[in-house]
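Subject: Structure for your review

Dear colleague,

Please find the structure below, together with its sequence. My notes on what was found follow it, and I would ask you to read them with the structure open.

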Amino acid sequence: MGFRWYGESNDTVSLDEIRQIPGVETIVWALHHKQAGEVWEQDEIDAEIAKITTKQTSQGFLDAEVVESVNIHESIKLGKTILGVSRDLAIDNYIITLKRLAKSGVKVVTYNFMPVLDWLRTDFWRLLPDGSTALYYDDNIVKQLSPEKLIADMENAGGRLTLPGWEPERLAHFRTLNETYQGVMHEDMYRNYKYFLDAVIPTCEQFDIKLAVHPDDPAFDLFSWPRVVSNKKGLATVLSLNNSKYNGLCLCLGSFSSNPENDAVDAVETFIDRIHFSHVRNIKFTKGASFSEVGHRACEGDVDTTGIMRVYAKNNYQGYIRPDHGRHLWDENTKNRPRPGYGLYDRALGTQYLLGCWDAFRRIER
Ligand code: DNO
């Protein structure tokens, strides 16, 4: 069981809080100040890992085996030089970072292959009936907005913390990127994706570090940008681009389920051998493709989180898992505002629900 942590002075949640959540063993971390395409320095990697691995839990010490994310430079996705960076340079830098992370004991590196932006929501603090707040996606708002207006809104709503995937550098180049992606087809993206995988996977194999792609969030095309990891077919295609098991998934079931046509339990069953990391969380559709994030329990929303954990338990899944976007509870809505979706309490509750399912289903399997 893992728990995402954004680093000291970059997160309202501390390692001392996380280490008291029963069953959490892995901190999911990153050097969040690094831009896509930049090399991560060995001493910075080791300093961050040292902060994590010296923290004791009831069962031992936290480990730092999962990184989320080492972001992919747009030149790699577009297959050409953009913003002054060639794809081969960006790939060379990626390989250097992978080698360094592997040397320091990292086992899985998460990334995504979404054009321009990472995840997208229209409201970070949507009031739910019980007085908590949660992330919300309104499909009608997105359909009517220009990309530029949306970015301005998101910047304001984010408050004092920079959201991952919404780094200032990426936003500054937004216009150029938006224009460059016009006319780029899904097939072009897959071709560039294969070029990237074929270049980096030999290093992954040699140094025993797995790649795990996060599905598009939400899991459909936005603003006519081609997204290629949105459904079962997309996941299968990505895995077939390079058949090494080091080319795997970070199967985020909340993101995947945001496309009402996707079946989360079926995806886990189908891809279990290539899932290295999984985010298990719940969403509830409100109208059409609009949805609210909700508590982790299956009956709270439309994602069968119990069914998902049952498949993981039945297969004695040995990869990493974490809760994801929690609601904001208690003082997180007043004096202790966290990164949207990344408060302490609801994610901590989520771990206990997922571990409860796991423990019960594992016992039945034995
Ligand atoms: C949002 C996260 C994403 C995820 C990246 C992986 O909360 O799920 O930002 O970390 O898409 O690269």
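Which strand gives the most to the shell around the ligand? It is strand β4, residues 108-112, which supplies three residues. Please bear in mind throughout that this is a predicted model.

The ligand is surrounded by 13 residues. The closest of them are S69, N112, D118, W119 and H214.

I then turned to the nonpolar core. The largest such core holds 84 residues, and I27, V109, V213 and L251 have the most contacts inside it. Helix α9, which covers residues 186-207, gives the most to this core, with six residues. For V213, once its neighbours within four places in sequence are left aside, the contacts are Y111, N112, F113, V229, V238, L249 and C250. N112, listed here as a contact of V213, is also one of the closest residues to the ligand.

Finally, I looked at H296. This residue is located in the loop between β11 (290-294) and α13 (305-314). Is H296 buried or exposed? H296 is buried, because 29 other C-beta atoms lie within 10 Å, and the cut-off for a buried residue is 20 or more. Not counting residues up to four places away in sequence, H296 touches R281, N282, T305, P323, L349, G350, Y353 and L354. One of these, L349, is 53 residues from H296 in sequence, yet their C-alpha atoms are 8.0 Å apart in space.

Yours sincerely,
A colleague

How values were computed
Residues are numbered from 1 along each chain as its sequence is written. This is a predicted model: local features need pLDDT of at least 70, side-chain atom pairs count only at pLDDT 80 or more; totals for chains, interfaces and linings use all residues. A residue is near a molecule or strand if its C-beta atom, placed from the backbone, lies within 6 Å of it. Helices (H or I, at least four residues) and strands (E, at least two) are DSSP runs, numbered from the N terminus. A residue is buried if 20 or more other C-beta atoms lie within 10 Å of its own, exposed if 12 or fewer, and partly exposed in between; C-beta atoms are placed from the backbone. Two residues are in contact if their C-beta atoms, placed from the backbone, lie within 7 Å. A nonpolar core is a set of buried Ala, Val, Leu, Ile, Met, Phe, Trp, Tyr and Cys residues joined through C-beta atoms within 7 Å.
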